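Here is a short report on one protein model. Look over the sequence and the coordinates before reading on.

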Amino acid sequence: MRISKLFLVAATCAGLTACGDTLGEQALLGGGAGALGAAVLSADPFVGAAVGAAGNVLFCKTQRNCY
């Protein structure tokens, strides 16, 4: 069980570092990763999705290597 949680956490981190081409894609990728991370941590997936979406959009807009 510990290995599967570790895998999900790693997948969530990878999802959060993925930038989409548009604002919608960035929000969708971040929201999905945030919801998955919240589910792994037994937290509210809606809050996780909101935080993940905002975080990924902010990350992608402030980094030079993203669109």
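The expected span of a helix is 1.5 Å times one less than its number of residues. The model discussed here is predicted. Helix 3, residues 45-62, has 18 residues, so its span should be 26 Å; its end C-alpha atoms lie 25 Å apart, which agrees. Helix 2 passes the check too, as the table shows.

| Helix | Residues | Number of residues | Expected span | Span in the model |
|---|---|---|---|---|
| Helix 2 | 23-40 | 18 residues | 26 Å | 26 Å |

The protein has 3 helices and 0 strands. Its order along the sequence is α-α-α.

Which residues of helix 3 are buried? They are Gly-48, Gly-52, Ala-53, Asn-56, Val-57 and Cys-60. These residues sit on the same side of helix 3, because their arc around the axis is only 150 degrees. An α-helix has 3.6 residues a turn, so residues three or four places apart point the same way. Val-51, Leu-58 and Thr-62 are exposed on the other side of helix 3. At the start of helix 3, a side-chain oxygen of Asp-44 comes within 3.2 Å of the backbone nitrogen of Phe-46.

Helix 2 has its own buried residues, including Gly-30, Gly-31, Gly-34 and Gly-37. Gln-26 is also buried there. Just after helix 2, Ser-42 has a positive phi of about 60 degrees.

Now the whole chain. The protein has 67 residues, and 27% of them count as buried. Among contacts with a separation of 6 or more, 50% join residues 24 or more positions apart.

Note on methods
Residues are numbered from 1 along each chain as its sequence is written. This is a predicted model: local features need pLDDT of at least 70, side-chain atom pairs count only at pLDDT 80 or more; totals for chains, interfaces and linings use all residues. Side-chain values use heavy atoms; hydrogens and water are left out. Helices (H or I, at least four residues) and strands (E, at least two) are DSSP runs, numbered from the N terminus. Buried means under 20% relative accessible area, exposed over 50%, partly exposed in between (1.4 Å probe, protein chains only). Contact means heavy atoms within 4.5 Å. The arc is that of the directions from the helix axis to the C-beta atoms. A polar contact is a pair of N or O atoms within 3.5 Å; within protein, one must be able to donate a hydrogen and the other to accept it, and residues adjacent in sequence count only if both atoms are side-chain atoms.
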